[in-house]
Amino acid sequence: MDILAILAGMVTGVVLGLFGSGGSIIALPALLYLLNVAPKSAIAMSLGVVAITATLTAFDHWRRGNVVVRVALVFGLFGVMGTFAGARLGLLTPVVIQLGLFALVMYVAAWRMLKPVKLIPASPVAASANGVVVTGSGTAAFSSCHDFFSPCMGHIALHGIGVGVLTGLVGVGGGFLIVPALVLLSGIPMKQAVGTSLAIVAAKSYAGFAGYMGGVPIDYALMGAFTAVTMVGSFIGTRLAGHVSQATLKKAFAWFLVVVASYILLKSVIGDVLA
């Protein structure tokens with residue numbers, strides 16, 4: 001790998017550790033444009049890279065108490081089923097449609113993260129375990145998600161399937177959809193949403209990679225080298241996450257999505273149509 005590919009791998013890991021998502025947003029373009037991997041192979045390989053990196057980073061978050069295990073299990077279980085189905089569908093879908101959908105989904109996720117959340121004042125105000133202050137309504141939503149049979153868990157399961165299909169289809173871990181879903185549906189604080197997202201991303205990425213195996217050629221040596229660099233970056237991102245405010249984290253994440261989505265749309269969708 002050249003220096004740009006190594007840098008891209010490092011950034012992939014930092015973004016994944018910092019935001020709980022976004023790893024494939026860097027890995028996929030790097031494999032496509034820097035390492036000249038065929039599009040569908042790059043999609044499969046990016047899922048493999050993120051699966052391994054997210055597993056290790058999620059474990060680190062779990063040790064710090066930032067993974068809500070029950071939510072991760074429900075979202076992950078239904079997400080795995082949706083992701084495998086989406087990956088099989090992705091083998092039959094034209095690349096320009098996959099990448100166009102990828103960019104569109106990122107725009108929607110960014111809009112949801114930047115949109116002010118209307119909180120209903122409640123008293124008393126509760127503080128989360130990591131010092132983030134939330135209203136009573138947010139606390140209630142978070143508490144209800146500890147019950148496997150609650151409406152909250154039902155919504156999370158449905159989102160798991162939907163996000164899973166998109167994950168497999170466009171070849172990304174899906175954390176850019178999981179994090180907003182966890183924050184908005186269950187009231188999980190941002191930093192716990194990041195850790196929980198990583199656990200879900202890991203499970204779904206394994207399923208997506210399995211869905212592409214046998215259908216596209218995979219350069220395992222290149223994928224392994226890229227993964228090794230990404231893993232180093234992920235631990236750096238995890239450490240940085242503990243020193244960044246939640247509001248800053250959400251805004252930075254959203255604008256990051258806008259920039260990358262615009263690049264992919266111009267480079268691989270509009271550019272291919274006009275070519």
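Which helix supplies the largest share of the lining of the second largest pocket? Keep that in mind as you open the viewer.

**Before you start.** This is a predicted model, in which local features need pLDDT of at least 70, side-chain atom pairs count only at pLDDT 80 or more, and totals for chains, interfaces and linings use all residues. Residues are numbered from 1 along each chain as its sequence is written, and side-chain values use heavy atoms, leaving out hydrogens and water.

Stop 1: Select Ile25, Ile26, Pro29, Val260 and Tyr263, which of the 13 lining residues are the closest to the centre of the second largest pocket. The space here is about 230 Å³. A pocket is an open set of points on a 1 Å grid over the protein atoms alone, where a 1.4 Å probe fits, with protein on both sides within 12 Å along at least five of seven lines; lining residues have an atom within 4 Å of a point. The volume is the space filled by probe spheres set on the points.

Now colour helix 1 (3-19), helix 2 (23-34) and helix 11 (246-274), each of which gives the lining at least two residues. Helices are DSSP runs (H or I, at least four residues), numbered from the N terminus. Helix 2 answers the opening question, with 6 residues. The lining has 13 nonpolar, no polar and no charged residues; Tyr and Pro count as nonpolar, and Gly as polar.

**Stop 2: helix 1 against helix 2.** Show these two helices, whose axes lie 8 Å apart at an angle of about 165°. Helix 1 is therefore roughly antiparallel to helix 2 (the term covers angles over 145 degrees, taken from 0 to 180 degrees between N-to-C directions). Next, select Leu4, Ala5, Ala8, Val11, Thr12, Val15 and Leu16 of helix 1 with Gly23, Ile26, Ala27, Ala30 and Leu34 of helix 2, which make the contact (heavy atoms within 4.5 Å). This contact has 10 nonpolar, 2 polar and no charged residues.

**Stop 3: helix 2 against helix 3.** Turn to residues 39-63, helix 3, which packs on helix 2 at about 140° with the axes 9 Å apart. Select Gly23, Ser24, Ala27, Leu28, Leu31 and Leu32 of helix 2, then Pro39, Ala42, Ile43, Met45, Ser46 and Val50 of helix 3, to see their contact. By class it has 9 nonpolar, 3 polar and no charged residues.

Conventions: Parallel < 35°, antiparallel > 145°, perpendicular 65-115°, else oblique.
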